[in-house]
Every structure is written in structure tokens, then in C-alpha cells.
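Let's take a walk through this one, chain by chain, and see how the pieces meet.

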Amino acid sequence: MQGRNLIYDGTFDGFLSAVFFVFEHKLRAVVIQNKFEMQLGLFSDAETIITEEDKANRVWKGVKSKLSPKGSYQLYYAFLSEQKGVEAILLDYITYAFSNAQSVDKDYSHPSVLKIAQIAKSVGREKHRMEAFVRFRLTKDDIYFSNIEPDFNVLPLISKHFKRRYADQKWVIYDIKRGYGLYYDLDKVEIINMEFPADFKFTKTDSEFFQEHELEFQKLWKDYFKSTNIESRKNMKLHIRHVPKRYWKYLSEKQPN
Amino acid sequence: MSFQRTQEKLKILSDAAKYDVSCSSSGSKRANTNKGIGDATGMGICHSYTEDGRCVSLLKILLTNYCIFDCAYCVTRKSNDIKRAAFKVQEVVDLTINFYRRNYIEGLFLSSGIFKNADYTMERLVAVAKKLRTEENFNGYIHLKSIPGASDELMREAGLYADRLSVNIEIPTKDGLKKLAPDKKHEDFIKPMKKVKNEIIQFKEEKKIIKSTPKYAPAGQSTQMIIGASGENDFQIMQTSNYFYKSYNLKRVYYSGYVPISYDNRLPQIGSAVPILRENRLYQTDWLMRFYGFEFSEILNERNQNLDLDIDPKLSWALRNLHEFPVDINSADKRMLARIPGLGMKSVYKILNARRFRKLNWEHLKKIGVALNRAQYFMICDSSKFEKRDLTSEKIKGLILQNSKSKYQQSLSNQLNLFG
């Protein structure tokens, strides 16, 4: 049987629509690809899947009825990893789930189930890290602003946490890598796209944009970070395992003097 | 607030507070319901890690490092010639709120040297917590130190604002305390701990009848012991720990390897190594008692008064109890699975779930993440390959050590040299 290549728009609903298409046409050998990853020319026979919310919802409802709540969120987490080829593992998992009477999400000896659990765990770790490593800086417009560059697309996962926690302050968390952010206006969280001045430096707290006292608090925090360390127990290996170097760039306590 | 004065105070008073190892911010249930600032539900967050690898979750400071006591092991003891400082209540409130708003911290851990007397000090700690809760609408985490000897009334008030209360007994035995902290009485430590315990029990009872009963220290209480300052063995330390868990329902007991800070000849001298490995073995024992279903007396008893440094306490126990093994992964109950060396509780649950689908073999276990290097001698699975030789404990230990590299190799050889 001829293999089929399906291209979706990169959204979760788009992916689920592709899964719907696979089941509808009983496709066997199939590759589902994000349109941003698709290499032109390689797949001249690629078919574009149109994202249809009701089809996506039907698949998702089916998935949820087959898995425990944890199993279905693991699928969503794994999807947000944006890892190359994750669609194939997700499809295999979903197919396996639908073909089984009992819930399969704890079948850790099945390769796709274990793999999704592992990817979901990495995404979960990144989510938790972002909840920890976001550093707000107070702007002149009284908005607490933070920029991040997470490995995975975790903004959709952290929105609730920050909304609940910082209910009485305006804040923005901006993913520079993916070019979008969350803005909380004291009432609701919105997805925003921002234009930054060409010379805007994300690592610098420029007095043109940030409040006068902002740098002082960063300094106090940095001092605190230093003096709470016990020199005679120094363990850089452990330190770096907890705070990998790729995150240092935007951590105020890790800025050079 | 004057930036420079605050900066100076913060340096002094955070430096003095760092020997308190607790930084936990979990276990509370304080939700942000009033559209205020902060939320302390669910799990704690480590916002950073110091270069010694410890979690930074709370702003951990002393209100003051002036102290009327002269405990030998303490860096703020009266006779120590160091810079002294004191925060005003409002300064601590401002720092906490501004750090919290920037997502630096989960909350505040406020301790203090004892100035004037216990109640005078406790009153000020309570004042900070009260201000945060009532004036700033703060729902983040607050950990207050219970000052030994503080009155019941103050301890009751403290628990209404704080998520966690702790009093550090520091020295595991009464004799050690007499020697190193002659001004302090054992009963003074116990008094606030008892009050908090009773209040928590009372809260839980009242809550059953009246749902709106105000929360009382929802994250419970904890304590800390210094390890290696006063010559106790592991049996004595864990006996004390076990007693506190059982009698005072503590959430946590912390073990803090003594960092030499004094030339006092009652104590290890400055420059001697911090017993990090021993501290780790004590924590492992603590975990075995709390999460793995082990009784204290199975791990430490009159015959085994010290933990092995070169292998973990579960492996030690298994080697002393070879008659309990091998365990069949595909049929054993949770209790026995948890006793296999190299199997953490997460693996135990994975195995319990996965084996409902098919019998598990070595390949499955490896992928699940079991440390087979240790586990293989104590288990059988769905495979004809398993350890068939009738090995002695000594032999198994040798094989395991030969095939593993401890992350403590360096400190291990140092500490063994010291004793060898």
C-alpha cells in the first residue's frame, strides 16, 4: 500500500483532525507532519489537512473516554514537545488505545506508551522549570514583564498557574523563540504578539523601559542568592543539574556583575 | 526603604540564616481566593539553586542576629564577634512582597536570634506574618520559627498566619545539649512543638463540624538536627527523629551536616570536612521510614548503630536479610517490591501498573528505569536468566561496588581515610 503524507497546521486541533482523517480513510502507512517542518519537494504528494474543530473534538473525546485523565494530558504534553516525529508516536499510541477495551496509559511495557510518558515527563519538567525560572521585571507601564526561551512550547501549560498566583498585578510572559506571549490584564489572560525595538536587549534592564527601583531589587536578589550559599558545601555539578546553563541567560541572579 | 541599608542588612541576616536547611514550600493549601497576591496550593517550587546545590524557594532570613544565648554550634551566639543587624517589621514585609511579585520566591522563612526574651522575639515574628496576611493580602508560603519557650497564646496566633512552624532541636541528645547549649532547656523546645501539635489536632476536629474554621499551620511542623557536632551515632539520631515523627506528627526532620564555624574545642575544628555523605545516608533512612514501609528498628538497632557509608541503607538491610530474597517482580506485593535495592517507589508503582498487561522481563525493567546493577541480585522476572549462584552478602556487595561509581567517591575515600 502506498504511504500517505498528511500536513497539518501545527495546532493540536490540526493534529487531531489529521488523526480523524487517518481513521476515516482507514490509512495504514501514514506520516503526519507539521507544516513548518515540511521540507518542500520531499513530499510532493503531501495532502493538506484542514483543521476542523468538531472533528478534533470527536477524536479528543474518544481519547479521553479511552484513557485516564493523566493519560490524556500526557498526550497533550507530548504534543507540545514539538519533537520531530512525535506525531507518529502519538498516532501509534492513539491507535493502540482505541483498539483496546481497557485503558492502556499505564502499559509502560508498550514502546509508544512508555515513550509518550517519557516525553510528557520532559515537557512537564520544562513547565515546572518555567514556573520557577520566570523573572518578572517591572516596566514603566506597571507591567511585570518576563521573557523566556523554553525548549518546549509550554506557555499554554503555565498560564493558569501565573493567573492564579499573580491575580493583582499585570504581567506578560513572552516566548522569544516562538514569537508569542501571554498578557494578563487583571481580568483575563490573552495571547499577544509584540514588536520589540531593533536594539532591545532582553538581558538588559534598560531604564528607558523599566522602573527606577527595578535594578535595585535585582541587586538585592542577587546578593541574597550569593549569601545564602554555603561555600564549604559547594557542588557545581549538582547546581548545574538543577539550573542547566541554557537557562542562565535570563535569570537575574546569574547575570554578570 | 533605603536601598543601601537594606542591602547591608540583607547580606548579614541571610548569611546567618543559611544553616537552616529547610526550604520546603509544599504541603500547604492556601489558595488565592481574595484576588490578592500569591498562592500556596500544591507542590512547592525551587526558584533557583545555590552553588552548593540546595533549593532556593523561600526568602530565608533572620529578623535579627542579636542573641542572648551562647550555643557553641551557632554562628550568631552571643560571644561570637560578628556584625549584628536587625530588620524592621515593615522592611521584611516589603522585601517579601517585592521578591514574590518578581517570581523569585514562594514565600518567607523567618527565623531570629533571641533578643530580650522568647515572647518578645516571637511577637515580632508573628507581627510580620500578620501584616503580610492581613494588610498585603499575601497568600504565599510563610514558615515561622517557633522560639523555644514562647507562650501558648503566641504560638496559637503564629499558626493562624503561618503555613509551617518549626523549632530546631539541633542537638539530638539531652547530654549533647547540656554540653553545647547550657542556657537552653530541652523542655523549652518541646513546649511550642506540643502546643502546635495540639492546635493542629484541634483544628482538624473543629473543621469537621465548622467548615470555615480558620486554617492552622496547614503545612505542619518540622525540626532540624545538626549532624556530627556532638558525637552521637546514627542510631541515636534516628531514634530521636523517629520519636519526633511518632509523638509530634512532624512533617519533616532535617539533618544538617555540621559546618565548622568556631574554634571552640567542644566541636569539630574549622577546616574539617562537612559530613555530607553521612547526612545523605540519614536522609535515605528517613525516606525508608516514611515512604518505604520500614520500621526504624529494621535499619538501626543495638547491633547496627551506624549506617554503612559505602552502600545505601536499603542495600545494607537486604544484605543482612538475604532470606527474604529473591523477590518475583511479577507477583510480589507492594511492600516487598519496595524492599528491593535499586527500586524507588516510582518504579514500584510503574511495575504494579505495567505487570497487569504482561509479564515483565529484564528489558522492560531497564526501560522503566530500575537500577538493575543493584536489583538483579535480589529479584527474578519473566526470564530464564537470573542470578543462580548462591552468593554470600559479602560477595554481592563486592560485585555491586565493583560495577558502580558512587557520586560520593571523592568524599567517601576522604571520610574512610579519616576513620581508617
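Into which domains is chain A divided? There are two: domain 1 covers 4–126 and domain 2 covers 134–254. Keep in mind that this is a predicted model.

## Domains of the two chains

In chain A, the C-alpha centres of domain 1 and domain 2 sit 32 Å apart. As for contacts between them, five residues of domain 1 of chain A meet seven residues of domain 2 of chain A. The domain 1 side of that meeting is made of two nonpolar, one polar and two charged residues.

Chain B is split as well, into domain 1 (3–268) and domain 2 (313–419). Here the C-alpha centres of domain 1 of chain B and domain 2 of chain B are 38 Å apart.

## Where the chains meet

Now for the interface: 39 residues of chain A are in contact with 44 residues of chain B. On the chain A side, helix 5 (111–133), helix 6 (155–165), helix 7 and helix 8 (236–242) each put in at least two residues. Helix 7 of chain A gives the most, with eight residues. Sorted by class, the chain A side comes to 18 nonpolar, nine polar and 12 charged residues.

## A look at helix 7 of chain A

Helix 7 of chain A runs over residues 214–227.

Which residues of helix 7 of chain A are buried? They are A:Glu214, A:Phe217, A:Leu220, A:Trp221, A:Tyr224 and A:Phe225. Viewed down the axis of helix 7 of chain A, these buried residues fall within an arc of 140°, so they line one face of the helix.

## A covered strand in chain B

Strand 8 of chain B (residues 252–257) is mostly covered, with six of its six residues buried. Both faces are covered: B:Arg252, B:Tyr254 and B:Ser256 lie on one side, and B:Val253, B:Tyr255 and B:Gly257 on the other.

Strand 8 of chain B also pairs with strand 7 of chain B (residues 221–227), in the parallel sense and over six bridges. One of the residues of strand 8, B:Gly257, is the bridge partner of B:Ile227.

Methods. Residues are numbered from 1 along each chain as its sequence is written. Chains are lettered from A and ligands numbered from 1 in the order in which they are written. This is a predicted model: local features need pLDDT of at least 70, side-chain atom pairs count only at pLDDT 80 or more; totals for chains, interfaces and linings use all residues. Helices (H or I, at least four residues) and strands (E, at least two) are DSSP runs, numbered from the N terminus. The expected span of a helix is 1.5 Å times one less than its number of residues. A residue is buried if 20 or more other C-beta atoms lie within 10 Å of its own, exposed if 12 or fewer, and partly exposed in between; C-beta atoms are placed from the backbone. The arc is that of the directions from the helix axis to the C-beta atoms. Domain bounds come from an automatic or database domain assignment. Two residues are in contact if their C-beta atoms, placed from the backbone, lie within 7 Å. Ala, Val, Leu, Ile, Met, Phe, Trp, Tyr, Cys and Pro count as nonpolar, Asp, Glu, Lys and Arg as charged, and the others, Gly among them, as polar. Two strands pair if DSSP finds at least two bridges between them.
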